[in-house]
Amino acid sequence: AATNEGDFAAAASELQQFWSNDPSEVAISVVQTEGLERKIFFGLMSDPTRGCWQGAASRGEDGPIDQAFLDDLGSCLDDVLADTPDDRDARLSRALAHLGPQAADTEAARALLDGLLAEDPDDADALALIVSLDLKAGDLDAAEVNLEHLEQLPRGVGAFLIGDAATLRSVVEESRKGG
């Protein structure tokens, strides 16, 4: 109801409560089918950053996030950050765009994420991306340390896109097994 009314802060709070109650697979399916996490993620986002996501999506096919999408998104976000360098949403989104499957700039992504975490060490979305960077670099010990911190935090609003703590934990465990 809060999402439908445009009260995304209240919707995010309700969604946090939902996740903290260890929901059933059926309940999770409803949230996913309704796209509630995506709606809240974009509803909370600053207008310029949301515009970049919408613009990148409108230029591509309705499919997975690929390198062309991330390149379009990143280019637009560079303009947003030139005007408003402290825009948290733009910095987080730009860090994500830097992690493209074909043209990754992990140093630039890490610099943005380190800045976000310096401002808020409990930024679950930035921390999840840091864990992803650690995994990409093959630094399982750093991934483990950052993941332990992430597991103590409420689920980030971008977890549907980035990965939640449980998903990242399984990747770390598989990587440790050599899988």
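Of the contacts (heavy atoms within 4.5 Å) with a separation of 6 or more in the chain, 56% join residues 24 or more positions apart. This is a predicted model: local features need pLDDT of at least 70, side-chain atom pairs count only at pLDDT 80 or more, and totals for chains, interfaces and linings use all residues. Residues are numbered from 1 along each chain as its sequence is written, and side-chain values use heavy atoms, without hydrogens or water.

**Fold and size**
- The chain has eleven helices and zero strands (DSSP runs numbered from the N terminus: H or I, at least four residues, for helices; E, at least two, for strands).
- The radius of gyration is 16 Å, close to the 16 Å from the globule rule for 179 residues, so the chain is as compact as a globular protein of that length. The radius is taken over C-alpha atoms, and the rule is 2.2 Å times the number of residues to the power 0.38.
- The C-alpha atoms fill a box of roughly 40 × 40 × 35 Å along the principal axes.

**Burial and surface**
- Buried residues make up 44% of the 179 (buried: under 20% relative accessible area, 1.4 Å probe, protein chains only).

**Helix α3**
- Helix α3 spans residues 36-44, and its buried residues are Glu-37, Ile-40, Phe-41 and Phe-42.
- These buried residues pack against α1 (8-20), α2 (25-34), α4 (47-59) and α10 (159-162).

How values were computed
Buried < 20%, exposed > 50% of the residue type's maximum accessible area, 1.4 Å probe, protein only.
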